[in-house]
Each structure stands twice: as C-alpha cells, then as structure tokens.
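Below are a few points for a colleague who is opening this model for the first time. Please read them with the structure in view.

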Amino acid sequence: MDISGKVAIVTGAGAGIGAALARRLVAGGARVVVADLDGEAAGAVAQSLGADAVAVGGDVADDAVIAALIERAEAEFGPVDLFFANAGIGGGPGLDSTDAQWTAALEVNVLAHVRAARQLMPGWLERGSGYFVTTASAAGLLTQIGSAPYSVSKHAAVGFAEWLSVTYGDKGIRVSCLCPMGVDTQLLHGGMMPPENAEAAELAIKAVTTAGAVLTPEQVADTVIAGVEAETFLILPHQEVLKMYRYKGSDYDRWIDGMRRFQAALQAPAS
C-alpha cells in the first residue's frame with residue numbers, strides 16, 4: 001500500500017494518535033477527512049493541514065455520522081481508500097461498571113468499527129480494494145488491569161479486525177490492527193474513567209506506564225503508516241507486547257497467575 005494519492009478517514013482525530021495519523025497521512029501525500037466528537041478540535045487539526053484535509057464533527061458510532069464522513073470524503077477528494085477506526089474511550093472499573101459505561105465502551109470501541117465496515121465494504125468489494133485500520137490496544141491481546149469494559153471492548157475490536165481480514169482478505173481488502181501500550185494521550189492522563197472512579201483509573205494507568213515506555217502519538221503514527229505500507233495485520237509500536245502475547249499463549253494459567261501478582265504489586269502501599 002502506497003498512501004500517496006489515497007483518500008483516508010481518521011476518527012478520533014481531534015488529538016492524540018488520530019491527529020498524528022492525519023498529519024502523517026497528509027505528509028505522505030494522502031488526503032484526509034478528520035473526524036472527532038469534538039468538532040472544533042477536528043477543525044483545528046484539518047485547518048493546520050491545509051487543502052488536503054477537511055473536518056467533520058460527530059459521534060462516529062452513529063450510522064448517520066459515518067455516512068456523512070464517507071459522503072464528505074467522496075465529495076471533497078474521491079472514493080475512500082483507507083478508514084482508520086481510531087476513536088476510543090475508556091469505561092468503568094470492574095463489576096461495578098454501569099450498563100451505560102459498558103454500552104458506551106462497546107459502542108465506540110467496537111460497534112463503530114462494525115458500522116463503518118458495513119457501509120464501506122460494498123464499494124470496496126466492487127472496486128476490489130480498501131484498507132481498514134483498527135486502533136485496538138495491547139489490552140485487546142493481553143488485558144487491562146483496572147477496567148473491565150475497556151479490556152473486553154478492545155478484545156472485541158481485535159476479534160472483529162481478525163474476522164474482517166479472514167473474511168475479505170482474498171477479495172482485495174486489507175486490514176491492520178494497532179495494539180499499543182502506553183501512549184501520551186488524554187486517555188492515558190485521566191481519560192480512562194470518570195472522576196468518580198479515580199482509584200481504578202489510577203490502577204489502570206499505573207499498569208500501563210509500568211509495563212513499558214510511554215510513546216508519543218507521532219511515534220505511534222510512524223509505526224502505523226509503516227505497518228500499512230507493509231500491509232501488516234498486527235501493528236505493535238511496543239515490540240515487547242508480542243513477547244507477552246506469546247508468553248500468554250504458551251501457558252495461559254501461568255500468565256494469569258503472573259498478572260494477578262502484577263496487579264497485587266501495583267496495589268501494594270508504597271514503602
């Protein structure tokens with residue numbers, strides 16, 4: 001995949017990884033629709049990128065907003081070549097997470113991807129090409145200490161990306177799944193959970209920041225574009241995640257026991 005001349009949609013692009021992806025795509029010669037729930041933030045990113053980017057505000061889990069993104073891309077630049085399902089939210093803590101927190105996490109982190117693929121796939125299959133990039137998380141391969149909705153929804157995001165690739169990979173459709181650990185974004189710095197779940201949020205953040213380096217969004221974006229150009233399914237900005245994933249698969253019970261010990265160490269009072 002050569003991104004030059006391609007048309008892309010990036011969701012959750014008002015800041016963080018999404019904004020960095022939009023900048024990297026435009027720098028590589030692509031034209032981009034910058035989408036975000038925060039329309040002003042999306043507009044600021046698009047404006048900074050000049051004529052090769054436009055902004056659309058709205059909830060990207062909403063079918064009507066997804067349709068609007070695709071229509072805007074086609075009107076401004078042409079048929080969509082790449083869709084980056086990057087928007088994501090945290091969730092609640094554990095079993096005390098509310099149904100509303102579960103629903104929100106599943107809507108944004110999973111069903112937004114399903115609805116986008118549903119709308120894009122007919123055109124892509126007709127053209128015999130298209131590229132869907134899912135932003136999941138290392139939590140989708142391993143787990144997320146401190147947040148059940150985030151962990152479960154990210155597992156589902158990985159599973160859906162796998163299914164897309166298996167189902168449509170022989171028909172010209174390419175799929176990549178991004179699974180980073182710590183990235184210096186708002187989600188890491190207080191966006192994981194609502195304020196009333198501060199203790200669980202602190203545990204979740206500590207689990208991420210002690211497991212490996214915290215990368216910049218720009219570092220992640222560079223890795224993503226390299227992965228897309230190579231048409232790699234699993235994109236891992238933190239290479240240690242692969243080692244952890246292999247360890248998990250080699251002895252599931254031992255891995256779970258190790259995660260319990262890791263959780264207990266994180267919860268232990270500071271000496």
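1. A residue is called exposed here when its relative accessible area is over 50%, and buried when that area is under 20%. The model is a predicted one, and the points below should be read as comments on a prediction.

2. Ala64 belongs to helix α3, which covers residues 63–76. Ala64 counts as exposed because its relative accessibility is 53%, and the cut-off for that class is over 50%.

3. Strands β2 (residues 31–36) and β3 (residues 53–57) are paired in the parallel sense, with five bridges. Within this pair, Val33 lies opposite Val54 of β3.

4. Two elements, α7 (198–209) and α10 (252–267), each give two or more residues to its lining. Helix α7 supplies the largest share, five residues.

5. Which residues line the second largest pocket? They are Glu199, Ala200, Glu202, Leu203, Lys206, Leu266, Gln267 and Ala268. Sorted by class, the lining of this pocket has four nonpolar residues, three charged residues and one polar residue.

Notes. Residues numbered from 1 in each chain as written. Predicted model: local features only at pLDDT ≥ 70, side-chain atom pairs only at ≥ 80, totals over all residues. Heavy atoms only, no water. Pairing = 2+ DSSP bridges. Helix = DSSP H or I, 4+ residues; strand = E, 2+ residues; numbered from the N terminus. Buried < 20%, exposed > 50% of the residue type's maximum accessible area, 1.4 Å probe, protein only. 1 Å grid on protein atoms, 1.4 Å probe; cavity = no way out; pocket = protein on both sides within 12 Å on 5 of 7 lines; lining within 4 Å. Nonpolar A, V, L, I, M, F, W, Y, C, P; charged D, E, K, R; others polar.
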